[in-house]
Amino acid sequence: MQARLEVVNGDFGDLTGLTPGNDGWYSGLPKGWTGSGANYAINNKQGAMPPVCNPSQLGRLSQQVGTLEKTADVVLTFDVSDVFNGGTVLKVSILDGAQDQLASGEFTDGADQTLVAKQVPAGTSITILFEATRSTPALDNVSVAVREPGSNMPDAAKSRAVSVPITVAAYYYPGTHPDPRWDKNKYPGFTEWDEIKAAKPRFPGHIQPNPPVWGYQNEANPEVMAQKITAAADYGVNAFIFDWYYYDDGPYLDDALDEGFLHATNNARVKFALMWANHDWYDIQGYNPADNNLKLLYPGKVTPATWDKICDLVIDKYFKHPSYWLVDGKPYFSIYEMSQFLDSFGSIENARAALDKFREKVRAAGFPGLHVNAIVWGEPNLPGGKTPPGWPKLCRDLALDSLTSYTWVHHGALNNATFPLSDYVWGRDKYLSFWARAKTEYSIPYFPNAMVNWDNSPRAAAGAGWSRPAAHVVNPVVTGNTPAAFKQSLEIIKQRLLAAPTQPKIITINAWNEWPEGSCLEPAQQYGYGYLEAVKSVFTNAK
């Protein structure tokens with residue numbers, strides 16, 4: 001068996017030992033690398049996939065990556081981005097122990113580029129070398145592998161394709177079925193399909209309405225849900241994370257799960273989990289910010305007695321179901337708004353005690369424990385939303401198991417400066433910068449998130465003005481979110497997941513069906529099955 005060659009810090013996400021400067025720059029030598037310079041080594045803000053390395057300031061950037069045990073081809077893979085000054089060229093070399101070239105080439109911008117040194121003899125020490133020969137190319141996602149001479153796939157890649165699956169979990173918003181609260185607060189028979197049907201373009205070129213390919217279905221119907229489950233399983237979505245609502249006076253919008261999913265005859269094909277959507281529920285369906293009369297219908301803060309009911313309910317009704325999603329054997333339970341959770345108990349200490357009691361109940365039910373996930377953000381997209389300060393300490397104080405995000409919008413992905421439009425790739429890069437920081441800021445795993453789109457204009461009143469951003473429903477609309485752009489985002493995320501050996505291989509996607517916010521894997525008129533095809537292409541037999 002060929003020994004594996006390995007690049008240390010190939011995504012340049014480990015900023016240990018570097019000195020922070022201005023505009024996202026860090027100086028010094030990246031961990032694991034050597035070079036003849038040490039200025040402006042890493043930029044954590046710019047680039048196609050920040051953080052990116054700047055070889056033009058590091059001279060001969062190199063790393064010794066191992067020694068071959070038998071004759072093999074050596075395959076070096078990397079990304080080059082032309083993002084700083086334009087016209088960039090990066091010289092890339094594979095060297096032996098005597099620093100003689102085994103292979104060399106010059107590369108301009110492009111992802112997943114490769115350089116191959118063929119039939120390298122056993123016992124050869126391998127060094128990889130990068131030198132900027134023109135302008136300032138950005139380097140990222142460096143990896144190296146071996147393959148049998150003359151074969152097409154590196155041995156390491158073959159191994160990864162079998163042994164490193166990635167769990168794809170899509171958020172499921174249950175807003176398109178009847179509910180007594182809809183009847184009370186809007187009118188009898190209301191669902192958010194009503195808004196989708198009535199959506200209209202708010203500015204030239206705005207794609208609204210964008211009707212669903214499958215029609216305006218009732219998701220609480222088990223046969224309808226079975227269609228969704230089949231599509232999810234066939235296209236590589238492994239789990240639905242249901243937005244699950246429970247207030248002091250009981251549940252809301254639960255029939256999609258209770259009547260639809262749990263009664264679907266094929267629900268063994270897709271796992272499900274809960275994200276307790278414990279945010280304040282305001283009356284934003286059909287809201288006009290100019291009216292300035294936003295009404296709070298159901299507060300997200302609950303009593304400790306309600307929390308106890310929630311714990312008992314989810315254990316008995318959901319966790320014990322054979323399709324419930326387990327992480328390391330533990331039921332996955334996510335909390336959307338940690339600030340509301342803390343307010344419900346009055347202190348961090350009381351909140352920890354409430355979680356510990358939940359954990360005890362889960363263990364008593366026969367599980368090895370409870371996987372508590374929290375949604376982290378910096379910018380709310382719902383009225384009343386807030387996030388507590390000091391997340392790194394909070395993770396420890398509450399003994400959380402993981403963090404993730406719900407949407408890139410929570411991390412500044414909407415550009416108000418270009419209203420009414422906001423570029424998808426611009427927002428993606430904002431999010432990827434956050435993820436890079438999350439790797440070092442948090443002591444627990446952070447599961448990366450992919451966003452399909454953002455267009456919550458269907459929730460705005462017909463008469464809402466669209467000349468400038470306004471609270472809650474008048475936001476920039478994302479453009480450029482083609483299936484190809486979405487696929488590229490998934491590829492970046494997958495590559496980084498596979499390059500991080502201790503990172504759990506889980507990604508969340510917003511969303512399966514956030515129709516009122518425009519973020520849907522479910523096929524719609526504009527792109528059909530394009531987004532699902534992207535998921536299938538990237539994550540089926542992930543490698």
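Guide: A residue counts as buried when its relative accessible area is under 20%, as exposed when it is over 50%, and as partly exposed in between. Those words are used below for a predicted model.

The strand to look at is E13, which covers residues 239-247. Nine of its nine residues are buried, so E13 is largely enclosed by the rest of the structure. Both of its faces are covered. On one side sit Ala 239, Ile 241, Asp 243, Tyr 245 and Tyr 247, and on the other Phe 240, Phe 242, Trp 244 and Tyr 246.

The pairing of E13 involves several other strands. Strands of a sheet pair through backbone hydrogen bonds, either parallel or antiparallel. Strand E12, residues 167-172, runs parallel to E13 and is joined to it by four bridges; within this pairing, Tyr 172 has Phe 242 as its bridge partner. Strand E14, residues 250-252, runs antiparallel to E13, with three bridges between them. Tyr 246 and Pro 251 are bridge partners in that pairing. Two residues separate E13 from E14, and the two strands form a hairpin.

Asp 243 is buried yet has no salt bridge. With neighbours within four places in sequence left aside, Asp 243 is in contact with Tyr 171, Tyr 172, Tyr 173, Pro 174, Met 275, Ala 277, Tyr 406 and Glu 514. Of these contacts, Tyr 172 is also the residue that bridges to Phe 242.

Strand E15 leads on to a helix. It is among the elements that cover the buried residues of helix H7, together with helix H6 (304-319), strand E19 (330-335), helix H8 (348-364), strand E20 (371-375) and helix H9 (391-397). H7 itself spans residues 338-345, and seven of its eight residues are buried, so H7 too is largely enclosed by the rest of the structure. The buried ones are Met 338, Ser 339, Gln 340, Phe 341, Leu 342, Ser 344 and Phe 345. Just after H7, Gly 346 takes a positive phi of about 85°.

Elsewhere in the chain there is an open sheet of four strands in the order E5-E10-E7-E8, with antiparallel pairing. Its edge strands are E5 (61-67) and E8 (101-107), each of which pairs on one side only. Neighbouring strands in this sheet are turned by 15° against each other on average, direction ignored. Six bridges join E7, residues 89-95, to E8, and Ser 93 has Ser 104 as its partner in E8.

Another buried strand residue is Val 142, in E11 (residues 138-147); its relative accessibility is 5%, and it therefore counts as buried. Its contacts beyond four places in sequence are Val 7, Gly 10, Phe 12, Trp 33, Leu 76, Thr 77, Phe 78, Ile 128 and Phe 130.

Some backbone details remain. Asn 9 and Asp 112 each have a positive phi although neither is a glycine: about 60° for Asn 9 and about 55° for Asp 112. Asn 9 is found in the segment before strand E1 (19-20) and is buried, with a relative accessible area of 11%. Asp 112 lies in strand E9, residues 110-120, and its relative accessible area of 45% makes it partly exposed. A cis peptide bond joins Phe 419 to Pro 420, with omega about 10°; Pro 420 is in the loop between E21 (402-404) and E22 (421-423). A cis bond also joins Asn 510 to Ala 511, with omega about 5°, and Ala 511 is in the loop between strand E26 (506-510) and helix H12 (530-539).

Finally, the cysteines. Cys 53 is buried at 0% relative accessible area, and Cys 520 is buried at 6%. With a cut-off of 2.5 Å between cysteine sulfur atoms, the disulfide count comes to zero.

Key. Residues numbered from 1 in each chain as written. Predicted model: local features only at pLDDT ≥ 70, side-chain atom pairs only at ≥ 80, totals over all residues. Heavy atoms only, no water. Pairing = 2+ DSSP bridges. Axes fitted to C-alpha atoms, helices over the stretch in contact; angles between N-to-C directions. Buried < 20%, exposed > 50% of the residue type's maximum accessible area, 1.4 Å probe, protein only. Lys, Arg positive; Asp, Glu negative; His and termini not counted. Salt bridge = Lys/Arg side-chain N within 4 Å of Asp/Glu carboxyl O. Contact = heavy atoms within 4.5 Å.
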